[in-house]
Amino acid sequence: MAETQNQLMTVASVIAEMGISRSTWQKLVTEKRTPPIVRIGAVQRIRRDAFAAWIGQHEENQANS
């Protein structure tokens with residue numbers, strides 16, 4: 001279980017790594033523009049590998065723009 005916990009990020013840690021506000025995160029959630037969110041009851045987590053892939057896609061999109 002500890003290994004799984006290390007692979008899951010909290011919303012707060014994603015926001016901190018991205019350097020955005022909670023309101024900006026909520027806007028992204030509303031627009032369905034976030035990495036996949038794992039919901040377990042009221043708890044929300046993001047898989048670290050999904051977050052890295054999502055960031056990578058945005059880097060590639062910027063390079064192709």
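**Sheet and helix packing**

Strand 2, residues 37-40, pairs with strand 3 in the antiparallel sense, over four bridges. Keep in mind that this is a predicted model. In that pairing, Val38 stands opposite Arg45 of strand 3. The two strands make a hairpin with two residues between them. There, Gly41 takes a positive phi near 65 degrees.

Now the other partner of strand 3. Strand 1, residues 8-10, pairs with strand 3, residues 43-47. The sense is antiparallel, over three bridges. Met9 stands opposite Ile46. Thr10 has Arg45 as its bridge partner.

Three strands form an open sheet, order 1-3-2, with antiparallel pairing. Which strands are the edge strands? Strand 1 and strand 2, and each pairs on one side only. From one strand to the next, the twist averages 40 degrees.

What packs on this sheet? Helix 2 does, touching strand 1 and strand 3. The direction of helix 2 makes about 80 degrees with that of strand 1.

On to the helix pair. Helix 2 covers residues 11-18, and helix 3 covers residues 22-30. Their axes come within 10 Å and cross at roughly 105 degrees. Angles of 65 to 115 degrees count as roughly perpendicular, so helix 2 and helix 3 are roughly perpendicular to each other.

Who makes the contact? From helix 2, we have Val11, Ala12, Val14, Ile15 and Met18. They meet Arg22, Trp25 and Leu28 in helix 3. By class, that contact has seven nonpolar residues, one charged and no polar.

Definitions and conventions. Residues are numbered from 1 along each chain as its sequence is written. This is a predicted model: local features need pLDDT of at least 70, side-chain atom pairs count only at pLDDT 80 or more; totals for chains, interfaces and linings use all residues. Side-chain values use heavy atoms; hydrogens and water are left out. Two strands pair if DSSP finds at least two bridges between them. Axes are lines fitted to C-alpha atoms, for helices over the stretch in contact, and angles run from 0 to 180 degrees between N-to-C directions. Angles under 35 degrees count as roughly parallel, over 145 as roughly antiparallel, 65 to 115 as roughly perpendicular and the rest as oblique. Contact means heavy atoms within 4.5 Å. Ala, Val, Leu, Ile, Met, Phe, Trp, Tyr, Cys and Pro count as nonpolar, Asp, Glu, Lys and Arg as charged, and the others, Gly among them, as polar.
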